[in-house]
Amino acid sequence: MDTEQLQADFVYCEAIIKRHSKSFYYAFSQLPPQKANAVYAIYAFCRTADECADSNRRPEQKLASLRQLKKELDLFRDRSEADRPLWRALRHVFSEYEMDIGPFYDQLTGQFMDLSFSSPKNMHALERYSYYVAGSVGLMLLPVLASNAAADLRPSAIKLGIAMQITNILRDVGEDLHQKQRIYLPEEELERFRYTPADLRQGLINENFVQLWESLAQRAEGLYDQIHGSLDLYDADSKMPLALSVGLYRAILDAVRNNEYDCFSKRNYVAKEAIAKISASIVNGSSMAERCV
């Protein structure tokens, strides 16, 4: 493939991640250029799938878009992909890393689940859904971030995606309800904490809601803790960006807490000052570890 064309294809993918996920972009732009480009291409595929399912078009149009994307992925699997930036960039990624196409299909499964959405019954159902829409992303990234790993890091990659998805759900409770008419909080958890869908529609922030929210947040934080235990098994050039992504996503939970759990009327995000602190802490921690080796 022409070098200039390939560079333009990765710029196309980079523009997508810059526009839609500042935290993800900030963390993984710290990777070496080849790995960063691979992450951008993978993210662009996932974003394309997400937009098929979450756009403002009619349900039948969304379904047609997802089916078309699956056909294009089938062509890619058969090495007959469309001659477009996303697929050209992904072909290069597949030629450079030992990629598995299975998680790409899993991602589409998750988007099809969104088209026929029903609130998860329990935490198991929520985490199963979270695997398809986000744990699959962790598996897509794994060959890039752990290209030389001696251990099986698939459980770690899946946990990272699930933790990030639960974090997104806790940040976007109001947006998911009012813009998408979706309640991702599990029905059993709502019942356990005596918080009703009617309470949710009213945006009621009471002790019951806080306890419910914290129950899910603690699950995400527990997964983040487990991921930290395996960071040293990833490629040396990937540890810091990966740790940064974990730190930034974990900080989203604190942003909601700092806003008194208002995830109905406020957009909760990590302030620039907090990002700088997290980044400095991780960089300094990495430097200390390197000096101790």
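At what angle do helix 1 and helix 5 pack, and how far apart are their axes? The angle is about 110°, and the axes lie 9 Å apart. This is a predicted model.

**The helix 1 and helix 5 pair**

Two packed helices are described by the angle between their axes and the distance between the axes. Helix 1 covers residues 3-20, and helix 5 covers residues 85-96. An angle from 65 to 115 degrees counts as roughly perpendicular. Helix 1 and helix 5 are therefore roughly perpendicular to each other. On the helix 1 side, the contact is made by Gln5, Leu6, Asp9, Phe10, Tyr12 and Cys13. Helix 5 contributes Pro85, Leu86, Arg88, Ala89, His92 and Val93. Eight residues of this contact are nonpolar, two are polar and two are charged.

**The whole protein**

The protein has 14 helices and zero strands. Its pattern along the sequence is α-α-α-α-α-α-α-α-α-α-α-α-α-α. The radius of gyration is 19 Å, close to the 19 Å that the globule rule gives for 293 residues, so the protein is as compact as a globular protein of that length. Other totals for the protein are set out below.

| Property | Value |
|---|---|
| Box filled by the C-alpha atoms, along the principal axes | roughly 60 × 55 × 30 Å |
| Buried share of the 293 residues | 52% |
| Accessible surface | about 14,500 Å² |
| Share of accessible surface belonging to carbon and sulfur atoms | 49% |

Contacts also reach along the chain. Take those between residues at least 6 apart in sequence: 71% join residues at least 24 apart.

**Ser230, a loop residue**

Ser230 is found in the loop between helix 12 (207-228) and helix 13 (236-258). Is Ser230 buried or exposed? Buried means under 20% relative accessible area. Ser230 has a relative accessible area of 9%, so this residue is buried. Leaving aside residues up to four places away in sequence, Ser230 touches Leu153 and Ser156. Leu153 is 77 residues from Ser230 along the chain, yet their C-alpha atoms are separated by 7.8 Å.

**Helix 9 and its cover**

Helix 9 runs over residues 173-180. Which of its residues are buried? They are Val173, Gly174, Asp176 and Leu177. Their cover includes helix 8 (154-171) and helix 11 (197-202).

Terms used: Residues are numbered from 1 along each chain as its sequence is written. This is a predicted model: local features need pLDDT of at least 70, side-chain atom pairs count only at pLDDT 80 or more; totals for chains, interfaces and linings use all residues. Side-chain values use heavy atoms; hydrogens and water are left out. Axes are lines fitted to C-alpha atoms, for helices over the stretch in contact, and angles run from 0 to 180 degrees between N-to-C directions. Helices (H or I, at least four residues) and strands (E, at least two) are DSSP runs, numbered from the N terminus. Angles under 35 degrees count as roughly parallel, over 145 as roughly antiparallel, 65 to 115 as roughly perpendicular and the rest as oblique. Contact means heavy atoms within 4.5 Å. Ala, Val, Leu, Ile, Met, Phe, Trp, Tyr, Cys and Pro count as nonpolar, Asp, Glu, Lys and Arg as charged, and the others, Gly among them, as polar. The radius of gyration is taken over C-alpha atoms; the globule rule is 2.2 Å times the number of residues to the power 0.38. Buried means under 20% relative accessible area, exposed over 50%, partly exposed in between (1.4 Å probe, protein chains only). Accessible areas come from the Shrake-Rupley method with a 1.4 Å probe; for residues, only the protein chains shown count as cover.
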